[in-house]
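The sequence and the structure are shown first.

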Amino acid sequence: GECNFQEHDMTDFNSDAVRYLLTLMNDKKMKDLKPSLFRDVHKMSVVFKIKWLKTQCSEWITNKMLDANSKEEKVYVFEESYFVMKRIQNQKFMSKLVNIFGKFDNSELISKYLHDLDHLDTEMIYPGMAV
């Protein structure tokens with residue numbers, strides 16, 4: 001399907017993320033999302049085509065990008081954006097990340113991913129471009 005998932009079974013997702021999604025169904029306002037649950041909550045929004053949740057996930061990760069100051073926060077938003085780009089085949093988060101982080105010196109973050117060019121996926125350097 002659209003997300004490279006063969007079938008849509010709730011057991012494919014973290015049980016805490018499923019519980020979180022169920023609590024959102026009444027007021028449809030995403031709040032107090034733990035970063036560890038973002039990936040599965042976002043994945044469910046795509047797999048089950050929950051438009052309002054996809055929008056709120058996008059806003060949530062964008063705010064995380066804008067607020068990322070520490071190396072750990074920057075690594076987190078990079079890894080989540082990269083996951084979405086590779087697994088869900090959507091470059092939207094990665095494009096936002098590049099746009100936001102492009103304004104600052106992120107050489108330390110970049111060096112973590114570029115330290116071994118022999119093993120680097122060319123898709124990671126040039127997302128979406130045939131090399």
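In which helix do Phe78 and Tyr82 both lie, and how many residues apart are they? Both lie in helix H4, four residues apart, about one turn of the helix. An α-helix has 3.6 residues a turn, so residues three or four places apart point the same way. Helices are DSSP runs of H or I with at least four residues, numbered from the N terminus.

The model is predicted: local features need pLDDT of at least 70 and side-chain atom pairs count only at pLDDT 80 or more, whereas totals for chains, interfaces and linings use all residues. Residues are numbered from 1 along each chain as its sequence is written, and side-chain values use heavy atoms, with hydrogens and water left out.

**Aromatic pairs**

Rings of Phe, Tyr and Trp (its six-membered ring) pair if their centres lie within 6.5 Å; planes under 30 degrees apart count as stacked, over 60 as edge-to-face and the rest as tilted. By this rule there are five aromatic pairs. Two of them are tabulated.

| Pair | Centre distance | Plane angle | Class |
|---|---|---|---|
| Phe13 and Phe48 | 5.9 Å | 55° | tilted |
| Phe78 and Tyr82 | 6.0 Å | 5° | stacked |

Phe13 lies in the segment before H1 and Phe48 in the loop between H2 and H3, so their pair ties together parts that are 35 residues apart in sequence. Buried means under 20% relative accessible area, exposed over 50% and partly exposed in between (1.4 Å probe, protein chains only). Phe13 is buried at 8%, while Phe48 is partly exposed at 30%. Phe78 and Tyr82 are both buried.

**Nonpolar core**

A nonpolar core is a set of buried Ala, Val, Leu, Ile, Met, Phe, Trp, Tyr and Cys residues joined through side-chain atoms within 4.5 Å. The largest has 34 residues, and those with the most contacts inside it include Met30, Phe38, Val41 and Ile61. Helices H1 (15–27), H2 (35–47), H3 (51–67), H4 (71–87) and H5 (92–101) each give two or more residues to this core. Its largest share, seven residues, comes from H4. Beyond its neighbours within four places in sequence, Val41 is in contact (heavy atoms within 4.5 Å) with Ala17, Tyr20, Met30, Leu33, Leu53 and Cys57.

**Helix H3**

Among the buried residues of H3 are Leu53, Cys57, Trp60, Ile61 and Met65. The buried residues of this helix pack against H1, H2, H4 and H5.
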